[in-house]
Amino acid sequence: MKESNTVERIRHVLQKCRAEKLPELALSGSYSRQSAYFSRSLLWKTVAFQITGQLEDLNLRMLRECRKDYETLKSELMVPWHELAKDHEFYCDLNVECDLSDSFGKKLKISRMRIEHHPLSTPKTPKMTDIQTLESLIADVDRLFPQFPEYFIENKENKRQLIEVLYIWWKLNGDQYLQGLHEIAGIIFVVLKTESISKTTFQNADRRTSLILELMDSKYIRHDLFSMFHAMTESLIDLYYDETSLLQESIKFDLKLRLVDKYQYHLLKNKLRIESSIWLIRYLRLLLIREIGLEYSFDLWDKLVAFSYTQHPEKLDLSLLLPYIIILLLSLIKPRLIISDYGEALYLLLHYPIDDRNKSHLPSSAILVNEDAGSPTEESTFTYIQENHQSKNSGSYAFVGSNNNDHELLQLDISQITKDAITLYRMSDQDLSILGARIIELYSGLSNEENKEGVLSANPIKIQSYPLGDMLKRSTSWTKKSSSSGKNTNNTSHCNQRRDFDRTRLELRLRNKVSQALKK
Amino acid sequence: MSTRKKTILKVIILGDSGVGKTSLMQQFINGKFSQQYKATIGADFLPKDLVIDDKQVTMQIWDTAGQERFQSLGVAFYRGSDCCVLVYDVTNTKSFENLQSWKDEFLIQANIKDPDNFPFVVIGNKIDVEENKRLVSSKKAQSLCASMGNLPYFETSAKEAVNVEQAFDVVARNALQQEESLEFSDDYTDAVNIHVDGDSYGSCGC
């Protein structure tokens, strides 16, 4: 059973380790998707609700309080389902209990009155009315994660829950709900839902087990989502969802880029004349979800959540590493940006060439679901889609895929990228321009040179300057690649990829260079 | 530096959230429709090569987010446009009523020198819906377009590929006309001191 497996994993971890240690372990890589007892939900909740202690003395105080708070909010800030058109998919009569947990009908109406006619409420002249906001939330959640229709598009109950949480959050926080937030909430929802447990399946649970059940209770997905969403987006909204601050952050980004890679900076800014805010808006607001895809995003968020905790345990800020990660991603496509014109470069930036593992691996994932879960549920589908990629994901360094044309797609080693981003994060400006620039060179395979006239150039890192002779000798597969053809191609390249796990990034890049040169 | 010289037409698509801007662009460029396109964040960008009366052009289509009214960012998105496509949803009255304000905002932020002659094209999308769901009549739309300066008007279905080709043909022609009427020499400078080592890189880069 999937649920008992979740309980087992959490029990195993919390018996050996204090909860507050998990973020550190997640950063170092010993508590990650690759480890057998990893629970993403546990990691994120630990950070969001500041859970501490081991299984015997697990501190769930904040979690409990937040759940209580949401219960109150939910009864006061009712979602106006009844104001939708009567034939609307989500229409719901006020008198009918559309929510199992809403059992206090009378109270609801009174509270609603109180909110709407509050004498002290500041007339902010909101741009959107309640019903307009609800409709725009529905429109966005209706098309959330189309690559995984089972999450929301085909699951009305999930949609309803997500809409409710976003609506209540908007009532409480925002003048305006902004697109993109629904996607962040969607990610958190998926994580919570995947490992949630229905208490009723465990009848006679001992005290320890019931603590775990409480922590993962499926009845409180919305409650936990609300608090986590609120905590995780607070700094993002300040920095990226306000237009003025977004422009400020874009300028800060430009300055950082200039420090670590002057060439890339001039290329984008002065030669191609692409204003960074044009593409950064999506990179930043969505924490790269669209750029790197959901699979990588889950892994990346593990690191962002954990890193934030190690910096300030009390404040969740997922933005800390983001600019540096974007610089690294940019460096990976620098060789292509260099030979692009304005249109090509912008296209590349807005369609970051990532290997979309979701699509190509869905069929095999489905088989895995059947193997394991017996009756595949929506939740199990995504769990195993993720786990299916463990082997592929475990060590190849940002290595460029097999076809050598414009459409080549990148695979990322999130672990390595976050490590390097943390290194950059900790550097002073001076270090960034010297040591940071070195790291960047490894990603782009290009090194910048500036002559006396101030002319900048970027050249491939020279082969002979690499202390890689030994490694090249040891590697046997790097010449095979260009000769493989036809039916064998699949096997060979698969083989190569396996081998590639043991290699260094420099070697991989070299191999690409050489095979391209040979091809020519 | 590259000596390629091609005519680039920048086309920007505006309109309320959910009217089908992304679907129209996808239908025109890739000839396909999907029930679910994600909400556009900021803007998206797709190029398409076309031949208009024996002339090679590249159309750069900018698909924008419909929910937000950008200020300074709008300037960055709209600048240099050759044609602006205003889209509404025939089942959504509000989206129709907002056409004028999208047009005004565009004119202000794109810094159009001659607003009266700038080419706009209006598209009423989703005509594949049942007749009783349609809330904006052709007549009403046509009279609005006439009042906004005789703007070309098309009714399309991105879903069933109705009229999309035709609408974008007019968009392209009008954009080309606009582009050719502009003096672009004054805008062109390449004073930046960047040297791309074409030989050593080009030999292995592509």
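Contact here means heavy atoms within 4.5 Å. By that rule, 44 residues of chain B and 54 residues of chain A make up the contact between them.

Some housekeeping. This is a predicted model, where local features need pLDDT of at least 70 and side-chain atom pairs count only at pLDDT 80 or more, while totals for chains, interfaces and linings use all residues. Residues are numbered from 1 along each chain as its sequence is written, chains are lettered from A and ligands numbered from 1 in the order in which they are written, and side-chain values use heavy atoms, with hydrogens and water left out.

Back to the interface. Chains B and A bury about 4200 Å² between them, and 58% of that is on carbon and sulfur atoms. Buried area is the accessible area (1.4 Å probe) that two parts lose on being put together, summed over both.

Which charged pairs cross over? The rule finds two salt bridges between chain B and chain A. A salt bridge needs a side-chain nitrogen of Lys or Arg within 4 Å of a carboxyl oxygen of Asp or Glu. A:E275 and B:R79 form a salt bridge at 3.1 Å, N to O. On chain B, β2 (43–52), β3 (55–64), α2 (72–78) and α7 (198–205) each supply at least two residues of the side touching chain A. Helices (H or I, at least four residues) and strands (E, at least two) are DSSP runs, numbered from the N terminus.

Now chain A. Helix α13 (residues 276–285) is mostly covered, with 10 of its 10 residues buried. Buried means under 20% relative accessible area, exposed over 50%, partly exposed in between (1.4 Å probe, protein chains only). A:W279 and A:R282 are among those buried residues. Just after α13(A), A:L287 takes a positive phi of about 50°.

Over all chains, the salt-bridge count comes to 35. Take A:R290 and A:E183, whose closest N and O atoms are 2.8 Å apart. That pair links distant parts of the chain: A:R290 is in α14 (residues 289–311) and A:E183 in α8 (residues 181–194), 107 residues apart. Both A:R290 and A:E183 are buried.

Compare A:K252 and A:E249, which meet at 3.0 Å, N to O. Both lie in helix α11 (residues 243–260) of chain A, three residues apart, about one turn of the helix. A:K252 is partly exposed at 43% relative accessible area, whereas A:E249 is buried at 14%.

Last one. A:R33, A:R40, A:D299 and A:D302 are linked in a network of salt bridges.
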